[in-house]
2 protein chains.
Amino acid sequence: MSVVENGAGAGIRAGERSVTLPDGFDAGVYFIGHIETPWTTRADCPRRGDMTDGPLCTLRIDPRWAQALTGLSGFRHVQVLYWMDEARRDLVLQVPRGGAAAGTFALRSPVRPNPIASSVAALVAVEGTSVTVRGLDCRTGTPLIDLKPARTPAEGAPASPPEAGS
Amino acid sequence: MSVVENGAGAGIRAGERSVTLPDGFDAGVYFIGHIETPWTTRADCPRRGDMTDGPLCTLRIDPRWAQALTGLSGFRHVQVLYWMDEARRDLVLQVPRGGAAAGTFALRSPVRPNPIASSVAALVAVEGTSVTVRGLDCRTGTPLIDLKPARTPAEGAPASPPEAGS
């Protein structure tokens, strides 16, 4: 294992640490579509989306997978997995802005060996291959890799029913 | 898009439907370790783990990523992402045992374009590169691809503190 310490790596902050990535990948991912949001750069994105608030976002699913949406509209919440394709993958210690150094697996930062984000969003509508939701906070154009119903708290759904009128 | 209907694909059930997979992958995944559980085959696995109950399971992290665990022990719950490497990836309609046909994205079945499972587990201990948890339900040897703290209900943590004595 080769370790780069304290700023010797490109774009690394003091206190951060990178490792040499493995020689090859162990498995492959298909992008199944992309996410449309109001935010065009990472800097524009809100710090954290809220499941029941925030602007409408749209999941555009590749037509190949259209039938896989059958029955999704019956759920109130969906877990959305997406690929944070702009993030480096080799940091093991990170220094968040205004924070102390922490291990990558103790953070939800996009910077991680496999840059997979998981968010639970409120499902608004399913029309053709477009799925409208509230509660995401990623850059528009972000590759989508999975969606699944979130039915229980362990899957990210709220423990109690949403308030009336929501 | 090529579609195989009603049992024309290998191992497909009546009512299920497969599609031709894309020619290549869009991104690559590193296995960062593996999961040790009491279950040696998929058939042995419980239908669904419970976050605060069930046997101890151990995440064995590759030494390359050891420092990425720094600070993880301060959390009570972790979101675990793992790769369901025995599942086929080409079904868009599935017929669960004893159920009606449903779209892949309306199910949490391992069979999906990207066989990524997400579970929230109770964190028991972090010792070296071993992370002990309760609440997983996968086969032993399952490849691990990510872990992150689960702090809020939207991330899968319980909305209320666990009962006294747990």
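Entry 1: I started at A:Val29, which stands opposite B:Ala27 in β3(B). I then looked up the strands themselves: β3(A) and β3 of chain B (residues 27-29) pair in the antiparallel sense over three bridges. Strands here are DSSP runs (E, at least two residues), numbered from the N terminus, and two of them pair if DSSP finds at least two bridges between them.

**Entry 2: what I am looking at.** I noted that this is a predicted model, where local features need pLDDT of at least 70 and side-chain atom pairs count only at pLDDT 80 or more, while totals for chains, interfaces and linings use all residues. Residues are numbered from 1 along each chain as written, chains are lettered from A in the order in which they are written, and side-chain values use heavy atoms, with hydrogens and water left out.

**Entry 3: confidence.** I checked the pLDDT, the predictor's confidence in each residue, from 0 to 100. Chain A averages 86, and 84% of its residues score at least 70. Residues 1-8 of chain A fall below 50, yet this stretch has 18 contacts (heavy atoms within 4.5 Å) beyond near neighbours in sequence. Residues 161-166 of chain A are also below 50, and I found one such contact for that stretch. For the complex, the predictor gives an ipTM of 0.88 and a pTM of 0.88.

**Entry 4: the interface.** How many residues does the contact take from chain A and chain B? I read 60 residues from chain A and 60 residues from chain B. The two chains bury about 5,600 Å² between them, 60% of it on carbon and sulfur atoms; buried area is the accessible area (1.4 Å probe) lost on being put together, summed over both parts.

**Entry 5: bonds across it.** I counted two salt bridges between chain A and chain B, each a side-chain nitrogen of Lys or Arg within 4 Å of a carboxyl oxygen of Asp or Glu. B:Arg112 forms a salt bridge with A:Asp146, with the closest N and O atoms 2.8 Å apart. Which strand gives the most to the side of chain A that touches chain B? I found β11(A), with five residues. By class, that side has 37 nonpolar, 12 polar and 11 charged residues; Ala, Val, Leu, Ile, Met, Phe, Trp, Tyr, Cys and Pro count as nonpolar, Asp, Glu, Lys and Arg as charged, and the others, Gly among them, as polar.

**Entry 6: inside chain B.** I followed β5(B) (residues 56-61), which runs antiparallel to β4(B) (residues 33-36), joined by four bridges. B:Ile35 has B:Leu59 as its bridge partner in β5(B). Five bridges join β5(B) to β10(B) (residues 130-134), again antiparallel, and there B:Arg60 has B:Ser130 as its partner.

**Entry 7: a tie in chain A.** The side chains of A:Arg139 and A:Asp85 meet in a salt bridge (2.8 Å, N to O). A:Arg139 lies in the loop between β10 and β11 of chain A and A:Asp85 in the loop between β6 and β7, so the pair ties together parts that are 54 residues apart in sequence.
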